[in-house]
Structure formats: C-alpha cells, structure tokens
Amino acid sequence: MQLNFKEIFTAFMVLFAVIDIIGSIPIIIDLRKKAGQIQSEKASIIAGIILVLFLFLGKSILNLIGIDVNSFAVAGAFILFFIALEMILGITLYKQEESTAMTTAVFPLAFPLIAGPGSLTTLLSLRAEFRTENIVIAVIMNVIIIFIVLKTSARIERLIGQNGINIIRKVFGVVLLAIAVKLFAHNIKALFEIT
C-alpha cells in the first residue's frame with residue numbers, strides 16, 4: 001500500500017469538482033421539501049459504496065452487460081439534463097409515487113446526483129493514472145464533505161433565504177445543463193469513433 005498525498009489531493013479535487021455537492025445544494029433543498037427530510041447518513045454511505053464498488057468493478061460490470069463506458073455516460077447525461085430542466089424552468093418532470101426519505105436518499109440523490117455518470121466515469125479515468133488506495137481515500141474524503149453538506153442543507157437554506165435559493169437554483173441549473181451537454185457531446189463523439 002503506497003499512499004501518495006499528491007495523488008490523494010488531486011483525485012479528491014477532481015472528484016469534488018465533478019460531484020459538485022456545493023452546486024447541488026438547491027437540488028438537495030428541493031428534494032428535502034418533496035420528501036419531507038433527507039437521510040444524510042444513508043445517502044452518503046450509499047453514494048460512497050456505489051463509488052468504491054464502481055472503482056473496482058465498474059468496467060467489468062459494464063462489459064458483462066454489454067455496455068461501454070461512453071453509452072453509460074450518455075444515459076447519465078440525459079438524467080442530468082432533465083434534472084437541470086426542472087431547476088431552470090421550475091417544472092416537475094420526475095414524479096415519485098411515494099416520495100419517502102429512503103427512496104430519495106437512493107434515487108435521485110445517491111444516484112445519479114452524487115454517484116452519477118460524471119463521477120463514475122471520472123473514477124475509471126483516475127484509475128488509469130493513480131493508485132487505487134489513493135483514489136479510495138479521495139472518495140472517502142468526498143463522502144465526508146457530502147454528508148456535512150446534506151446534514152446542514154436546512155441551515156444553508158435559512159441562511160440564504162428563498163430568493164437566494166431560487167437564484168442559485170437557476171444558475172446551477174444552467175451549469176448542470178452545460179455539464180450534461182458536455183458529457184453527452186464528449187461521449188457521443190467517442191461512441192461514433194468506436195463504431
């Protein structure tokens with residue numbers, strides 16, 4: 001086991017930017033309103049498990065079911081695209097029959113918002129460059145930050161206020177839309193290069 005603090009820090013920063021938990025605060029607040037509450041511990045742990053499992057088994061699982069990484073990322077880009085549309089236009093496209101705290105903790109919070117196609121494909125890219133144990137530590141550090149943000153989302157909402165939330169929601173909706181388009185464009189291009 002070789003711990004390299006530079007690798008850990010780089011992997012942490014890359015994942016932090018891709019997961020963008022700070023930018024997801026408006027979505028988290030919105031989900032909390034729909035579900036009544038968010039189970040921060042469960043959402044963080046589930047997201048962490050998904051990220052670590054995908055780090056070790058991601059490529060094998062996708063290959064086993066005949067899906068390449070690019071197709072997976074394109075599918076995830078569509079999900080992010082629709083979440084972004086909800087944020088920008090103030091509409092509800094995604095409807096849950098029973099919006100319980102547990103189902104919200106898993107979908108869409110743990111997956112695809114936190115452990116989404118962007119972060120999962122990033123893990124596969126990081127694995128090609130860095131040692132696995134350094135990436136695992138970077139994932140754990142991100143999960144701790146995710147937990148803190150989820151736990152304090154109500155306090156953050158009170159601090160910013162409803163108008164602030166609405167503004168941030170629209171701004172980050174556009175950012176999320178741009179990420180979805182970039183993810184789609186990059187991976188659809190890669191798909192056409194493969195065929």
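Which residues form a nonpolar patch on the surface? I find Ile 45, Ile 49, Leu 53, Phe 56, Leu 57, Ile 61, Leu 64, Ile 65 and Ile 67, with about 880 Å² of accessible area together. Patches here are made of residues with over 30% relative accessible area and no salt bridge, like charges being joined within 9 Å and nonpolar side chains (Val, Leu, Ile, Met, Phe, Trp, Tyr) within 5 Å; accessible areas come from the Shrake-Rupley method with a 1.4 Å probe, and for residues only the protein chains shown count as cover.

I note that this is a predicted model, in which local features need pLDDT of at least 70 and side-chain atom pairs count only at pLDDT 80 or more, while totals for chains, interfaces and linings use all residues. Residues are numbered from 1 along each chain as its sequence is written, and side-chain values use heavy atoms, with hydrogens and water left out.

Leu 53 is partly exposed at a relative accessible area of 47%, where buried means under 20%, exposed over 50% and partly exposed in between (1.4 Å probe, protein chains only).

Next I turned to the salt bridges, each a side-chain nitrogen of Lys or Arg within 4 Å of a carboxyl oxygen of Asp or Glu, and the count comes to four. Lys 33 pairs with Glu 157, their closest N and O atoms being 3.1 Å apart. Because Lys 33 lies in helix α2 (residues 25-35) and Glu 157 in helix α8 (residues 153-194), this pair ties together parts that are 124 residues apart in sequence. Lys 33 is partly exposed at 45%, whereas Glu 157 is buried at 15%. I also see Arg 32 linked with Lys 33 and Glu 157 in a network of salt bridges.

A further salt bridge joins Lys 151 and Glu 41 at 3.1 Å, N to O, linking helix α7 to helix α3 across 110 residues. The C-alpha atoms of Lys 151 and Glu 41 are 8.3 Å apart. Beyond its neighbours within four places in sequence, Lys 151 is in contact (heavy atoms within 4.5 Å) with Ser 40 and Glu 41.

Last, I looked up the salt bridge between Arg 131 and Glu 133, at 2.9 Å, N to O: Arg 131 is partly exposed at 38% relative accessibility, but Glu 133 is buried at 18%. Apart from residues up to four places away in sequence, Glu 133 touches Met 1, Gln 2 and Leu 3.

Note on methods
Helix = DSSP H or I, 4+ residues; strand = E, 2+ residues; numbered from the N terminus.
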